[in-house]
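Good morning, and thank you for coming. I shall present one structure today, moving from its overall plan to its individual residues. Please keep the display in view as we go.

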Amino acid sequence: MLEPFEEPASDLSGILGKHIIYTYSNGWEYEMYYKNSDTVDYKVRSGSVGGRIVKGQKVSIRQLQTALPSEKVEASESEMSSYMISWVEPTGTSVVQVLNLNRREVRTVILFPDWVVKEPLKTVCFQNEHLDLMRSYRDQGPTYPIHPKIMLGRLHFIEHCTLDNEHVINPH
């Protein structure tokens, strides 16, 4: 029996180990590595927080399907290559990303706390070396109002790497 709020297991074989680079329509470029079933590493290559690097970010990943698991419906290959990834950062920023590998599309909602919008450069670092500082900024706030940003992007690089490879996203 599933616990409250728990979803059935997903087939993540199509996303795990993927290393991608994508650019949003506003010009922000990101590099992401889906390290394992609950962890990503990423680098913000350009944009208002360009230079930010995060390793070991805990996430939730699910394959998107057009039917419930109890329903017997054949899904197209394009649908089966879609995934939803979500996480909350130590900064208080929440992210939900929908990735379609076959269509080379990424759609993301980022919910920025007010302090990040007002002082984005505070987050530009190798976050892992500054976790306590990021949490203190979050706790000092202000976190409200939350600033939602809906982003649409295109993948322009996809490669498959081994799982748990510490060298895919290099912080230095």
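Helices (H or I, at least four residues) and strands (E, at least two) are DSSP runs, numbered from the N terminus. What we are looking at is a predicted model, in which local features need pLDDT of at least 70, side-chain atom pairs count only at pLDDT 80 or more, and totals for chains, interfaces and linings use all residues. Residues are numbered from 1 along each chain as its sequence is written, and side-chain values use heavy atoms, with hydrogens and water left out.

Let me begin with the overall plan. The protein chain contains three helices and nine strands. Along the sequence, these elements follow the pattern β-β-β-β-β-α-β-β-β-α-α-β. Of the chain's 172 residues, 41% count as buried. Here, buried means under 20% relative accessible area, exposed means over 50%, and partly exposed lies in between, with a 1.4 Å probe and protein chains only. A contact means heavy atoms within 4.5 Å. Among contacts between residues at least 6 apart in sequence, 58% join residues at least 24 apart.

We turn now to the interior. In soluble globular proteins, nonpolar side chains tend to be buried together. A nonpolar core is a set of buried Ala, Val, Leu, Ile, Met, Phe, Trp, Tyr and Cys residues joined through side-chain atoms within 4.5 Å. The largest such core in this model has 33 residues, and those with the most contacts inside it are Ile15, Ile20, Tyr22, Met32, Tyr34, Ile85 and Leu99. Which residues does Leu99 touch, not counting residues up to four places away in sequence? They are Ile15, Ile20, Tyr34, Ser81, Ser82, Tyr83, Ile85, Glu105, Val106 and Leu155. There is also a second, separate core of six residues, which includes Tyr33, Phe126, Cys161 and Val168.

Cys161 brings us to the cysteines. Cys161 is buried, because its relative accessible area is 12%. Cys125 is likewise buried, with a relative accessible area of 14%. How many disulfides does a search of the whole structure find? The search finds zero, where a disulfide is a pair of cysteine sulfur atoms within 2.5 Å.

Next, please find Thr108, which lies in strand E8, residues 105-112. Is Thr108 buried or exposed? Thr108 has a relative accessible area of 2%, so it counts as buried. Its side chain is joined to that of Tyr24 by a polar contact of 2.6 Å. A polar contact is a pair of N or O atoms within 3.5 Å; within protein, one must be able to donate a hydrogen and the other to accept it, and residues adjacent in sequence count only if both atoms are side-chain atoms. Leaving aside residues up to four places away in sequence, Thr108 touches Tyr24, Val95, Val96, Gln97, Lys149, Ile150 and Met151.

On a 1 Å grid over the protein atoms alone, a cavity is a set of points where a 1.4 Å probe fits but cannot get out, and lining residues have an atom within 4 Å of a point. Grid points are joined across faces, edges and corners, and a volume is the space filled by probe spheres set on the points. The structure holds one cavity of 30 Å³ or more. The largest cavity has a volume of about 180 Å³. Of the 19 residues that line it, the closest to its centre are Tyr30, Tyr42, Glu89, Val95 and Ile110. Which element gives the largest share of this lining? That share, three residues, comes from E8.

I conclude with the backbone. A cis peptide bond joins Gly141 and Pro142, with omega about 0°. Pro142 is in the loop between helix H3 (131-140) and strand E9 (147-160). The peptide bond from Tyr144 to Pro145 is cis as well, with omega near 5°, and Pro145 lies in the loop between H3 and E9.

Two residues have a positive phi although neither is a glycine: Arg104, at about 60°, and Asp164, at about 55°. Arg104 is placed in the loop between E7 and E8, and it counts as partly exposed because its relative accessibility is 33%. Asp164 is found in the segment after E9; at 45% relative accessibility, Asp164 counts as partly exposed.

Definitions and conventions: On a 1 Å grid over the protein atoms alone, a cavity is a set of points where a 1.4 Å probe fits but cannot get out, and a pocket is an open set with protein on both sides within 12 Å along at least five of seven lines; lining residues have an atom within 4 Å of a point.
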